[in-house]
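Here is a short briefing for a reader new to this structure. Please look over the sequence and the model before reading on.

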Amino acid sequence: MNTHPNWATLTEDREQPWKTLSSRVLVDGFRVVLEDRVEVSGGSEAIYQYRPRGPRAVFVLPVTDSGEAVLIRQYRYPLRASIVEVVAGGVERGEDLLAAAERELKEEVGGTAREWQALPGFYPQPSISGVTFYPLLALGVTLGETAHEETETIERCVLPITEAYRMLDAGEIQDGPSSLTLWHARRPLQERGLL
């Protein structure tokens, strides 16, 4: 799998218009949250709470040879609701993006892919988070046994790819990163005659 050309652009700017005056850790552990005192453009000071740059996640749209999309319905505690999403998960420290995508595909839907295509990466909430998301299209997916984590409540949803895009266009896929992954995958799927 090649990376997408925009992945190399997901970096810090050389010149920083804001100056960090002090920084402290508000939340330590898996999801670090910092609070910085900064001097912003024009010289005034502000307090900024955010997740620092560094964490990464992969988002995978699996497609079978028979033209089915493999989505998931997952319970999300902050929402107190189950929503439809693409396969996704965090990239472990030092882990290759493709290895993370393969691991998540296997765990969440029991899938393996014959081919991978990188899609444009993006920042999901740049006003409060430095997390970077890397979406991929997984083609030639075959399904087997899932291996959900103990804390996951996931249902595998196998449906015609046209139905997945009907759901996207109707606003029935309410997870932002999943919607953007589907949106970016539309053209490659059309070029391959799968949509």
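The points below cover a sheet, a helix pair and the salt bridges.

This is a predicted model, in which local features need pLDDT of at least 70, side-chain atom pairs count only at pLDDT 80 or more, and totals for chains, interfaces and linings use all residues. Residues are numbered from 1 along each chain as its sequence is written, and side-chain values use heavy atoms, with hydrogens and water left out. Helices (H or I, at least four residues) and strands (E, at least two) are DSSP runs, numbered from the N terminus.

**The sheet**

- Three strands make an open sheet, ordered β1-β2-β3, with antiparallel pairing. Two strands pair if DSSP finds at least two bridges between them.
- β1 (19–27) and β3 (45–50) are the edge strands, each with a single partner, so one side of each has no neighbour in the sheet.
- On average, neighbouring strands of this sheet are turned by 20° against each other, direction ignored.
- Strands of a sheet pair through backbone hydrogen bonds, either parallel or antiparallel.
- Seven antiparallel bridges join β1 to β2 (residues 33–39).
- V25 stands opposite L34 in β2.
- A hairpin is formed by β1 and β2, with five residues between them. In its turn, G29 has a positive phi of about 115°.

**The helix pair**

- Helix α2 (residues 161–169) packs against helix α3 (residues 176–191) at an angle of about 130°, with axes 11 Å apart. Axes are lines fitted to C-alpha atoms, for helices over the stretch in contact, and angles run from 0 to 180 degrees between N-to-C directions.
- That makes α2 oblique to α3. Oblique is what remains after roughly parallel (under 35 degrees), roughly antiparallel (over 145) and roughly perpendicular (65 to 115).
- α2 contributes I161, Y165, L168 and D169 to the contact (heavy atoms within 4.5 Å). α3 contributes S179, L182, W183, A185, R186 and L189.

**Salt bridges**

- The whole structure holds 14 salt bridges (a side-chain nitrogen of Lys or Arg within 4 Å of a carboxyl oxygen of Asp or Glu).
- One of them joins R114 and D65, whose closest N and O atoms are 2.8 Å apart.
- R114 lies in the loop between β8 (111–112) and β9 (115–118), and D65 in the loop between β4 (56–63) and β5 (68–76), so the pair ties together parts 49 residues apart in sequence.
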